[in-house]
Amino acid sequence: MNRRELLKLITAATGTAMVGGTAALAGCATGSREAQPPTYTFTEEDVRLLDEVAETILPRTDTPGAKDARVGAFMKVFVTDCYTPQEQALFHGGLPQLEASAEARYGQRFMALDTAQRTELIRELDREAKAVLAASGRLHYFTLIKQLTLFGFFTSEVGGTEVLRYVAIPGRYDGCMPYEEGERAWATR
Amino acid sequence: MANNHYDAIVVGSGISGGWAAKELTEKGLKVLLLERGRNIEHVKDYKNATKEVWDYPHRDRPTQEMIENYPVLSRDFPLNESTYGMWADEQKNPYVEKQRFDWYRGYHVGGRSLLWGRHSYRLSPMDFEANAREGIAVDWPIRYQDLAPWYDYVEKFAGIAGNRDGLNVLPDGQYQPPIPLNCVEKDAAKRIEKAFGGKRHLIHSRVANITQPKPEQGRANCQYRNKCWLGCPFGAYFSTQSSTLPAAVNTGNLTLRPFSIVSQVLYDKDKKRATGVEVIDAENHQTYEYTADVVFLNASSFNSTWILMNSATDVWEGGLGSRSGELGHNVMDHHFRCGASGEIDGYEDKYYYGRRPAGFYIPRFRNLGGEERPYRRGFGYQGAASRERWDRDVAEFEVGADLKNALSQPGGWIIGMTGFGEILPYHDNRIYLDKHVTDHWGLPVLAMDVEIKENERQMRRDMIQDAIDILEAAGATNVQGSDWGYTPGQGIHEMGTARMGRDPNTSVLNGYNQVWDAPNVFVTDGACMTSASNVNPSLTYMALTARAVDHAVKELKKGNL
C-alpha cells in the first residue's frame, strides 16, 4: 500500500513481473476487441490438476501446502477475472501442454504420476520456462502457473498465518527486533 | 431564500476544505460545507479497514472489469480491490488529455485526505524566495515567516510524527515522537552523514500519523497496521473525518451537504463580491443557489480553478480571476518515479515488528550554498529498508519443500528510495475548459496540456545518480539506479492554476488567497501555489487555509468583505 517505497513489481521467483491485473497492451487491444475473444472456462478437473501442480511446487511439510490454501480455486478466479484474453489464452493453452509433457515423459497424465515423477516433471517445466524467458523474453505458461501458485499461496490465510506470520494489530513498531534463522517471515509489509 | 444563506460556504471537504470548515465554524460562523460526492462516515463507512489480503477474491489486484472502468487509475498503482470505489468515477467524470495527464481524484467527503501519503514537510524560506531570486514566474506574496506560526498551529492539531533535525533546508515543526527508523536505516544515516561531510541527511519521515494519542479528538496512536488508505478505525492519521470534520461539527455551526456539485460562484459585478454559489445536486440534477458572505474554494487544485473558469463569465469570458491571463496556467506537480535500490549485507539477526506507514526521508541537498547544477531547484527522497519477502528470487531452489521453506523466511535486507523533484511553474503548462466534452451532469470538462521540460529532465539525472551514490555510501551493494518514467499528475500533487502573487495583472490571488476581483472568495488548496518546492504540499495547504480564514474573519468583522 505504500506507493512511495520500492516500485518493484512481484517477480515471484519467476524472473518476470506479475502477470494479471494490468491492461492489455495497446497494440493488441484494438485487434482483440474487434474480433470477439474466445471465452475460457475452468472445469473441476482443471482445478484439481492445478491444485496438484501447485502442491508439487509448494508441498505440505510440517506446515500447510498449496492444496491446503486452495490455490487451484484461486487460480481459476484470478485467471478468469484479472487476466487479459491473451494471458488467458496462454494459461489455458498450457494445461494440455502440461499433460502432453507428462505423457511424453512417463506415458501417463499428470494426475497418475507419483510424487517423485511430478516433482521431476515440474522441475523440468520450470527450467524450460526460465530458458524460454531468458532466450526470447516470451512468457511460458508454466511461469504463470508458478507465479499464481506463489502469489495465491502466500497471500492466502493459510499461507499468511500458518506458513508466514501475521499480527493484525501490531500496536507498536520495533525497528530492531532480534531474528534467528528459521523464524518465519511477516506476511505483509 | 432565508434558509439558503450562510455566513460562509466551503466548497470541497478534503484536506484544505476540512480545515476551512473547522476554522470558520470555530470562529462562530455558520458554514455550509459542500462536497460533490457521497458521504463517508468516520469508522462506520471504512468497509475494508479490518480486511486482510486473503479476504479479497483477487488478493487486492485489479480485475479486467475494474481496469475497463478506470482507464486512468489502471495506468499506475492506485487501482486495487481494497480501495476500489474510493476514486472518482471516470465514466461520469471524464477529462481531455491534450497530453497524457494522470488525474487521481477523490470525490467523496474527506476527498484525498483519506487517500494521501501523509508526508508533512514545511516549505523552507528559500522556497518562498526562489522565484524572485531566479526571475522565474512571479514572486510569492508571502515569506516563510508569514506562514511559520500557521505551520505550528496546524501541526499541533493534525499531529505530525517527526524528528527535529535542525536543518535549514527543512524547517522543524511541532512534532510528536517520530516513527522509528529500523536498524539498517539508522546505520545508513550515520554512514551517509560521514560520507558527504554532513551535507546529506537521512532523517525520519515526517508523517501525519500520530505516535501519541489525542484523546481530545478521540484519536488513538498509530497501531502499525499500514492500512491507512482503507480508512483508520483508530483515527491515527490526519483526515477530514478523523480530525477537522468532528471539530467543525462540534461547534454546532456546520451544515454538510454531500452530492453537491458547485457549478459556479455567483458574482455581483457592481459590488465586486461573490454572493454565493450555484449547486447542481449530483443525484437529482436539480440546481440550487446558496448565498454567503464569504466563499472558500477547496475543491482540489484543478476543480477550484474549473469553478472560477465557469464563474462571472458575463464579466470576463475566461471566468473569475482570468483577468490576469494566468487562470489555469502554471500547472505543477512533483516529478518522481526515479531513484535507486540496492542490497545491504549482514543484519541477518535483525528484523522488525509492526508495519510502518512511513520510512526515511532525505531532504534536498542540491543547488544549496552556492552550488550550481545545470538545473534550478532540487529534490528530496523517500525510501525505506526492509527484508525481502516471499516474492523475491531464490535461484537455488526451483520447486518443492526447499523452495517453500526458503520463502517462508525473510530474505536479505534491501534499501530503496524514490526522488521527488520540483517542477517549475511554466505559463504554457495549463488546463482549460473543453466545451465540446461534457460530464454526466452536462458540465464542460477540463483539458490538460502539461509536460515536464528540460529543467526537470536534467534534474532526473541527478535524482538517479545521487540516489546511487547515497545508497553506495550507505553500504549497499548491487545498487541499481532506475527511471520508471513520470507522467504529469502521477505525483498526485497537482498545484498552480490560480497562483498567489503581488499584482492582479500577473496573479489570480493575493497574499491572503483572495481572488483579486472578488475579495470574499478565497482559494486555499493547491491551486494557489506560486511555486512547488520539492516537498509534499498538503501541510502547506493546511497552514495557508488557517491563515486565510483568520484574515477572512477579521476582514468580515471590519466590514471589508
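# A quick tour of chains A and B

Chain A has 7 helices and 1 strand, where helices (H or I, at least four residues) and strands (E, at least two) are DSSP runs numbered from the N terminus. This is a predicted model, in which local features need pLDDT of at least 70, side-chain atom pairs count only at pLDDT 80 or more, and totals for chains, interfaces and linings use all residues. Residues are numbered from 1 along each chain as its sequence is written, while chains are lettered from A and ligands numbered from 1 in the order in which they are written.

**Chain A at a glance**

- Chain A has 189 residues, and 37% of them count as buried. Buried takes 20 or more other C-beta atoms within 10 Å of a residue's own, exposed takes 12 or fewer, and partly exposed is in between, with C-beta atoms placed from the backbone.
- Look at the contacts in chain A between residues at least 6 apart in sequence, and 57% of them join residues at least 24 apart. Two residues are in contact if their C-beta atoms, placed from the backbone, lie within 7 Å.
- Helix 6 (residues 141-154) of chain A is largely enclosed by the rest of the structure, because 14 of its 14 residues are buried.
- The end C-alpha atoms of helix 6 of chain A are 20 Å apart, which agrees with the 20 Å that 14 residues should span at 1.5 Å a residue. The expected span is 1.5 Å times one less than the number of residues.

- The average pLDDT of chain A is 88, and 84% of the residues score at least 70. pLDDT is the predictor's confidence in each residue, from 0 to 100.
- Residues 1-12 of chain A have a pLDDT below 50, and this stretch has 31 contacts in the model beyond near neighbours in sequence.
- Residues 26-34 of chain A also have a pLDDT below 50, with 6 contacts in the model beyond near neighbours in sequence.

**Where the chains meet**

- On chain B, 55 residues are in contact with 55 residues of chain A.
- Several elements of chain B each supply at least two residues of the side that touches chain A, including helix 2 (64-69), strand 15 (379-387) and helix 8 (401-407).
- Strand 13 of chain B gives the largest share of that side, 4 residues.
- The side of chain B that touches chain A has 23 nonpolar, 18 polar and 14 charged residues. Here Ala, Val, Leu, Ile, Met, Phe, Trp, Tyr, Cys and Pro count as nonpolar, Asp, Glu, Lys and Arg as charged, and the others, Gly among them, as polar.
- Strand 1 (residues 174-178) of chain A pairs with strand 13 of chain B in the antiparallel sense, over 3 bridges. Strands pair if DSSP finds at least two bridges between them.
- In that pairing, A:Pro178 has B:Lys350 as its bridge partner.

**Nonpolar cores**

- The largest nonpolar core has 124 residues, and B:Val11 and B:Val295 are among those with the most contacts inside it. Such a core is a set of buried Ala, Val, Leu, Ile, Met, Phe, Trp, Tyr and Cys residues joined through C-beta atoms within 7 Å.
- Helix 10 (residues 538-558) of chain B provides the largest share of this core, 10 residues.
- Another core of 43 residues lies apart from it, with A:Phe91, A:Leu98, A:Val163 and B:Val399 among its members.
- Setting aside neighbours within four places in sequence, the contacts of B:Val11 include B:Gly17, B:Leu34 and B:Val295.

**Helix 1 of chain B**

- Helix 1 (residues 15-26) of chain B reaches 17 Å from its first C-alpha to its last, close to the 16 Å expected for its 12 residues.
- This helix is mostly covered, with 11 of 12 residues buried; B:Trp19 and B:Lys22 are among the buried ones.
- Strand 1 (5-11), helix 6 (240-250) and helix 10 of chain B are among the elements covering those buried residues.
- Just after helix 1 of chain B comes B:Gly28, with a positive phi of about 95°.

- Most residues other than glycine have a negative phi.
- B:His285 has a positive phi of about 65° although it is not a glycine. B:His285 sits in the loop between strand 9 (273-281) and strand 10 (287-297) of chain B, and is exposed, with 11 other C-beta atoms within 10 Å.
- B:Asn330, not a glycine either, has a positive phi of about 65°. B:Asn330 counts as buried, with 28 C-beta neighbours inside 10 Å.
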